[in-house]
Amino acid sequence: MKVLVLPHSTPFERYLPAFEAAGIDMEPLAWTRDLADAELADVEAVLGWQFPSGVAGRLPRLRWVCAVSAGVEKLLAPDLAPHVPVSRIVDREQGRGIAQFVAMMALRHARHLPLYEAQQRDRQWLRVPVDMARNPVAVLGMGEMGRAVAEMLRAVGFEVLGWSRSGGGSLAEVLGAADIVVCALPLTPETDGLLNAERFAQMRRGAYLINIARGAHVVDADLIAAVKSGQLAGAALDVQRREPLPAEDPLWAVPGITITPHIASQSSPETIAAQFIEGLKRLQRGEPLLNVVDKVRGY
Ligand SMILES: NC(=O)c1ccc[n+]([C@@H]2O[C@H](COP(=O)([O-])OP(=O)(O)OC[C@H]3O[C@@H](n4cnc5c(N)ncnc54)[C@H](OP(=O)(O)O)[C@@H]3O)[C@@H](O)[C@H]2O)c1
């Protein structure tokens, strides 16, 4: 079975030992721009993060697409045949990594660490005691990541208000009841740009935003305006609308906004390879695939 590996942050060669050890009928092929249609004609499965433009439509025998990530939006290409299932990696370890990142940023904010860092820069030993963090935190999206985030936030003392499509009440009420808002939503047409001026105005004055989901959930200009006006105290953005974030992007220089380069948590190449191989075995045996997304809903 020929499988096409699309380029992403893990080099193709990192998967080869696991693929070779799997002992199944598979012929891995690394995507390059100069691959001819004849070489793509018998590709049956794809592993990747994003379809290069026009590639999905050049795979007439495609039976399965597997994302290397939790989010699949970049693989839902318009030329992907409707009958081809798309699945994703579901990795508990990754969820715990995301939860650690969120807990770190939430505690940093709630326990006023930037204040003490500023004091240290001024060699100022000034006690401004901070209470234990018990703040209400709204977690938008209670899926694999959101649930792990909620569990860890509760463990360190925060109160968690979960919100999802299927529960949690009105978004405006949830936003208005929290000191910290965590975005753990999938990027879909419904959630693109959800965190905009109207939503920032519904948050408590001085609230803090943590986005570990996708950059396009946030309307950057509205966020910058909200932080500069003091409506929001700041934000931790692990993901940005444009990645890598260009050096000239205004987000870099807003006091209170912390940028990290999409590092909150990744699945290891070994985990990705293991779940992909399991999927190939299921495909070959005619068994149902795991972690298949609803392509219409987008997650
Ligand atoms: N920064 C990183 O390194 C990193 C790592 C992993 C994942 N991520 C990102 O994290 C996000 C969450 O991933 P996941 O694996 O937790 O996703 P998931 O398991 O698919 O969960 C999605 C959650 O969002 C909710 N949801 C979807 N559409 C909604 C809508 N329109 N309104 C309200 N709620 C909605 C779902 O509600 P229901 O439960 O009601 O269906 C579900 O609770 C994704 O964007 C993913 O790409 C980032």
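One definition before the first stop: a crossover is right-handed if, with the strands pointing away from the viewer, the path from the first strand over the helix to the second runs clockwise. Helices (H or I, at least four residues) and strands (E, at least two) are DSSP runs, numbered from the N terminus. What you're viewing is a predicted model, where local features need pLDDT of at least 70 and side-chain atom pairs count only at pLDDT 80 or more, while totals for chains, interfaces and linings use all residues. Residues are numbered from 1 along each chain as its sequence is written, and side-chain values use heavy atoms, with hydrogens and water left out.

**Stop 1: a β-α-β unit**

Together, β9, α8 and β10 form a right-handed β-α-β unit. The strands β9 and β10 pair in the parallel sense over 5 bridges; two strands count as paired if DSSP finds at least two bridges between them.

A236 sits opposite T258 in β11, and L237 sits opposite I259.

How much of β10 is buried? Of its 6 residues, 5 are, so the strand is largely enclosed by the rest of the structure. (Buried means under 20% relative accessible area, exposed over 50%, partly exposed in between, with a 1.4 Å probe and protein chains only.)

**Stop 2**

(Axes are lines fitted to C-alpha atoms, for helices over the stretch in contact, and angles run from 0 to 180 degrees between N-to-C directions.)

Contact, by the way, means heavy atoms within 4.5 Å.

**Stop 2: the nonpolar cores**

Show side chains for L140, F200, L209, L223, L232 and I257: of the 30 residues in the largest nonpolar core, these touch the most other members. Such a core is a set of buried Ala, Val, Leu, Ile, Met, Phe, Trp, Tyr and Cys residues joined through side-chain atoms within 4.5 Å. Which element gives the largest share of this core? That's α8, with 4 residues. Zoom in on L223 and, leaving aside residues up to four places away in sequence, look for its contacts, among them F200, L209, L232 and I257. A second, separate core of 27 residues includes M152, F158, A184 and I212.

**Stop 3: the other sheet**

Select the open sheet of 5 strands with the order β2-β1-β3-β4-β5, again with parallel pairing. β2 (27-30) and β5 (86-87) are its edge strands, each pairing on one side only. Strand β3 (residues 43-48) pairs with β4 (residues 64-67) in the parallel sense over 4 bridges, and L47 has C66 as its bridge partner in β4. Helix α9 (residues 269-285) packs on this sheet, touching β1 (2-5), β3 and β4, and its direction makes about 165° with that of β4.

While you're at C66, check its accessibility: 2% relative, so this cysteine counts as buried. C183 is buried too, at 0%. The structure holds 0 disulfides, a disulfide being a pair of cysteine sulfur atoms within 2.5 Å.

**Stop 5**

Most residues other than glycine have a negative phi, and most peptide bonds are trans. Go to the loop between β10 and β11, where P244 lies; the peptide bond from E243 to P244 is cis, with omega near -5°. Then jump to H262, in the loop between β11 and α9. H262 is not a glycine, yet it has a positive phi of about 50°, and it is partly exposed at 25% relative accessibility. Finish in the segment after α9 with N291, whose phi is near 55° and whose relative accessibility of 34% makes it partly exposed.
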